[in-house]
Amino acid sequence: MVKIVFALAFCLGLAFCASPSEILARYDINASEDLSDKNGFADLAKISKILEKNQILNFTPSDRARGIEIKFLTKQNSKFLLKPLNLVFDRLNLENYKNLAFLNLDEGEKLRSILLRTNRMIDPGAIYTELKKHKIYVEDFMILGDVMLFRLNFESMNLLTNKEQNELKSSYFINIANTKKAVVKTKGAQVWYPNIAFYDKNLDEISNKISEAKVKELEIKFPPNAHYMHLCDAFAGENIKQGLEIKLIGG
């Protein structure tokens, strides 16, 4: 109960889309330059360096590992957050971590807590940079001791980067906002048993359709309010190992 109360109190200190100056003001630091990225969010890579310079962050390795708790707050369904977070932590060579908790807060907010065992402080700028590759944006950030809190917006999220998508070729999670339909074709001699799911901008499932009929080409019309589409094979990823050609149509 104490941890839950602390989490709630900690989250109340965050704002929706806080400016760089608002983030730094929490530590009595004045922003003397433009610290926003091209998407209009605070550039945590730059802010992290300022926090280090002002001794708020210390990246010097210690002799013993300690627990660093990272909390991610979002309005979207956080079950889809685990995949990109796993990719982010793997890229940063952060392997010794575990999921602590998932909480549903007031007004539809979701909180995911992760604990890492490490002998040095985690760089929030590095997490920000990796999240941005998936079009997951940090609206606000706060640190208190060994606890970090990120408020995330992943309405524009691509679960996999283009490079990862090309390497995977067995499952596709696609942002279809502002489009009406897609034409999907198989490559070579392969066939596809469509497994298609649609999600809204909060990543709540709208519909799911599984077909036992094999196809080589399929036109898919999107349901109202669909923001994401997940495509895979109903039986085995091997069926589409050569990949799918996906063309989004309409706007």
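This is a predicted model: local features need pLDDT of at least 70, side-chain atom pairs count only at pLDDT 80 or more; totals for chains, interfaces and linings use all residues.
Reader: Thanks! How many helices and strands are there?
Author: The secondary structure comes to six helices and 12 strands.

Reader: Let's look at helix 5. Which of its residues are buried?
Author: Helix 5 covers residues 124-133, and its buried residues are Pro 124, Gly 125, Ile 127, Tyr 128, Glu 130 and Leu 131.

Reader: What does Asp 123 do at the start of that helix?
Author: One of its side-chain oxygens comes to within 2.9 Å of the backbone nitrogen of Gly 125. Just after helix 5, Lys 135 has a positive phi of about 60°.

Reader: New topic: how many aromatic pairs does the structure hold?
Author: There are five aromatic pairs. In one of them, the ring centres of Tyr 193 and Phe 235 are 5.1 Å apart with planes at 85°, so this pair is edge-to-face.

Reader: Where in the chain do those two sit?
Author: They are 42 residues apart, so to speak, in distant parts of the chain. Tyr 193 lies in the loop between strand 7 and strand 8, and Phe 235 in the loop between strand 11 and strand 12.

Reader: Is Phe 235 buried or exposed?
Author: Phe 235 counts as exposed, because its relative accessibility is 54% and the cut-off is over 50%.

Reader: Which residues form an aromatic cluster?
Author: Phe 72, Phe 141 and Phe 150 form one together.

Notes: Residues are numbered from 1 along each chain as its sequence is written. Side-chain values use heavy atoms; hydrogens and water are left out. Rings of Phe, Tyr and Trp (its six-membered ring) pair if their centres lie within 6.5 Å; planes under 30 degrees apart count as stacked, over 60 as edge-to-face and the rest as tilted. Helices (H or I, at least four residues) and strands (E, at least two) are DSSP runs, numbered from the N terminus. Buried means under 20% relative accessible area, exposed over 50%, partly exposed in between (1.4 Å probe, protein chains only). A polar contact is a pair of N or O atoms within 3.5 Å; within protein, one must be able to donate a hydrogen and the other to accept it, and residues adjacent in sequence count only if both atoms are side-chain atoms.
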